[in-house]
Amino acid sequence: MEQSTALAVCDSDPLKLHYSWCLAAVGAAPLVRFENELTAVREMFAQRRLGFADVVLLSIPDPQQLVRQRDGDRTRRRGHFELHARLAEPLTQWYAALERLDPGRVLDGFPPELDIAPLPEPRDDRHDMGLLDSLIDELPTV
């Protein structure tokens with residue numbers, strides 16, 4: 001999609017590395033899982049097959065809102081609700097670190113309608129290994 005339009009819109013961060021780091025941060029997975037995934041991500045960065053999203057629209061609801069959403073939608077099973085609710089703080093730390101290192105990459109909240117016109121232009125540094133290393137260095141030790 002990116003090659004044909006220069007823009008790809010996903011409903012999640014394609015890097016996915018934040019998830020294993022967050023799990024390790026709350027003690028729900030061993031740090032070695034994150035370290036193994038980081039090694040794989042580095043290889044994909046080097047091959048330019050994976051990179052940072054140009055922009056991340058970030059919305060992390062407060063615990064009360066999460067409960068309201070869960071209770072208001074009986075069509076979905078939420079077998080890992082408690083675990084995922086615990087990931088809010090480390091997820092906030094991950095994306096705050098990325099925003100500090102590369103201002104403008106993380107936007108707070110979801111717009112009511114997606115208008116791509118005001119979004120930043122595609123970035124040339126999606127595969128920036130230095131940014132990846134700086135992000136990892138910036139994160140609290142788990």
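**Exercise 1.** Is E138 buried, partly exposed or exposed, at what relative accessibility?

*Solution.* The structure is a predicted model, in which local features need pLDDT of at least 70, side-chain atom pairs count only at pLDDT 80 or more, and totals for chains, interfaces and linings use all residues. Residues are numbered from 1 along each chain as its sequence is written, and side-chain values use heavy atoms, with hydrogens and water left out.

Step 1. Buried means under 20% relative accessible area, exposed means over 50%, and partly exposed lies in between (1.4 Å probe, protein chains only).

Step 2. E138 has 33% relative accessibility and therefore counts as partly exposed.

**Exercise 2.** Identify the salt-bridge partner of E138 and locate both residues.

*Solution.* Step 1. A salt bridge places a side-chain nitrogen of Lys or Arg within 4 Å of a carboxyl oxygen of Asp or Glu. E138 meets R100 in such a bridge, at 2.7 Å from N to O.

Step 2. E138 belongs to helix α7 and R100 to helix α6 (residues 88-101), so the pair ties together parts 38 residues apart in sequence. Helices (H or I, at least four residues) and strands (E, at least two) are DSSP runs, numbered from the N terminus.

Step 3. R100 is exposed, at a relative accessible area of 51%.

**Exercise 3.** Describe the salt bridge between D125 and R105.

*Solution.* Step 1. The N to O distance is 2.8 Å.

Step 2. D125 lies in the loop between β2 and α7, and R105 in the loop between α6 and β2, so parts 20 residues apart in sequence are tied together.

Step 3. R105 is buried at 0% relative accessibility, whereas D125 is partly exposed at 25%.

Step 4. A network of salt bridges links D102, R105 and D125.
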